[in-house]
Every structure is written in structure tokens, then in C-alpha cells.
Amino acid sequence: IALDTKSNLAWMRQAPYPTLPNGEMVNDSNYDRLAWMKEGAMLIADQPLGSGYARSAFGDRVTAKYVAAAALKGAHSHSGIIDFTIANGLPALALWLAFLVATIGLGWRGYQAGHMAAGLMLVFLITGFLGRSIVDSTLRDHMLQQFMFLVLAFAVLATPKREGA
């Protein structure tokens, strides 16, 4: 139901939420998240190099594409990965994921070198944040700033000491 964004317009705030086959109304949060992720993926396909960095890239692009979606102007898709990719494009997403993988590798090497707590914390921090960024809009504002601060702190603590240093 949520993936049929042409017939069901509740995701644009243009119709009431649809009902399930048993007559019960769909869960609004689940419906919106799926519909917004689908529309976000379509926006990424339309502009794979991004539309320009903005914290409300999803809402601005949906409003530009569907004039009827004016209620979503300034909104986010509730997926940090979708919002980030709409704004910055697929190359930026690839760079972001490469950074995360490289930093996970740093944490893992730190864990193996004997700095267990800091190395594992770095791995857990990154994988947890990445998981949350799929279902929540965490790649912006203070959430991203706090994440980057903690990544830097744990990366320093997890980095093995050089001989003679």
C-alpha cells in the first residue's frame, strides 16, 4: 500500500491514510516512512549527482516534483541516507560509506592491537549510527556533529602506538 505512491496520496498529505484489507487504517508512521523512502529513491534516480546540500532536500525536491506536495516543503524523509543522497548525490554517498568502512577498519585494528575498549567502541558506534541513519534522519545537525566528535575521540584512542614514539 505504501509503495503505491501514485494512487495513495496520504504521504503528500493530500488524502486520508489508506485502509488495510481488513478495514483497519494503516499505521501512519510505517506508511509514511516506506512511501518517503520509495519517493526518495526515485528522486535520487532523477538526480544521481544530488540537488545541493540542504537539511530539507527531500521536502524541497518532492515539492518541486509534485506541486500538490506543498505540505512537505522543508520536511525530511526520516532516513538520513536518503536525505543525504538526495542532497549530495551517489558519489558523496560512496565517499561517506568508504569513510565509515575505513574507520571501522581502524577500530578493528585497534581492537586487535590490544586497545579493546576503544577499538570495539568505535566499531559499535559506527555500525549503530549507520543502522539508525537508515531509518532516522541522523545525518544532520547536532546528531552528526556528536557522532563525528565521538568517532574522532575513539579513533585517536584506538590507534596503536608506533614503536619509538
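Where does lysine 6 lie? Lysine 6 is found in the segment before α1. The views below come from a predicted model, in which local features need pLDDT of at least 70 and side-chain atom pairs count only at pLDDT 80 or more, while totals for chains, interfaces and linings use all residues. Residues are numbered from 1 along each chain as its sequence is written, and side-chain values use heavy atoms, with hydrogens and water left out.

**View 1. Lysine 6 and its contacts.** Lysine 6 counts as exposed at 56% relative accessibility; here buried means under 20% relative accessible area, exposed over 50%, and partly exposed in between (1.4 Å probe, protein chains only). Leaving aside neighbours within four places in sequence, lysine 6 is in contact with Met42 and Tyr66, where contact means heavy atoms within 4.5 Å. The side chains of lysine 6 and tyrosine 66 are joined by a polar contact of 3.4 Å. A polar contact is a pair of N or O atoms within 3.5 Å; within protein, one must be able to donate a hydrogen and the other to accept it, and residues adjacent in sequence count only if both atoms are side-chain atoms.

**View 2. Buried residues of α2.** Ala57, Phe58, Gly59, Arg61, Val62 and Thr63 of α2 are buried. Their cover includes α1 and α3 (80-88). Helices (H or I, at least four residues) and strands (E, at least two) are DSSP runs, numbered from the N terminus.

**View 3. The salt bridges of aspartate 136.** Aspartate 136 forms a salt bridge with arginine 33, with the closest N and O atoms 3.3 Å apart. Aspartate 136 lies in the loop between α5 and α6 and arginine 33 in helix α1 (residues 28-46), so this pair ties together parts that are 103 residues apart in sequence. A salt bridge is a side-chain nitrogen of Lys or Arg within 4 Å of a carboxyl oxygen of Asp or Glu, and by this rule the count comes to seven. Aspartate 136 is buried at 18% relative accessibility, whereas arginine 33 is partly exposed at 26%. Arginine 132 also forms a salt bridge with aspartate 136, the closest N and O atoms being 1.9 Å apart. Arginine 132 is partly exposed at 47% relative accessibility. Through shared partners, salt bridges join Arg33, Arg132 and Asp136 into one network.

**View 4. Arginine 55 and aspartate 141.** These residues form a salt bridge whose closest N and O atoms are 2.6 Å apart. Arginine 55 lies in the loop between α1 and α2 (57-65) and aspartate 141 in helix α6, so the pair ties together parts that are 86 residues apart in sequence. Aspartate 141 is partly exposed, with a relative accessible area of 32%.

**View 5. Arginine 140 in its loop.** Arginine 140 sits in the loop between α5 (116-135) and α6 (141-158). Arginine 140 is buried, with a relative accessible area of 14%. Not counting residues up to four places away in sequence, arginine 140 touches Arg55 and His76. Its side chain makes a polar contact of 3.4 Å with the side chain of histidine 76.
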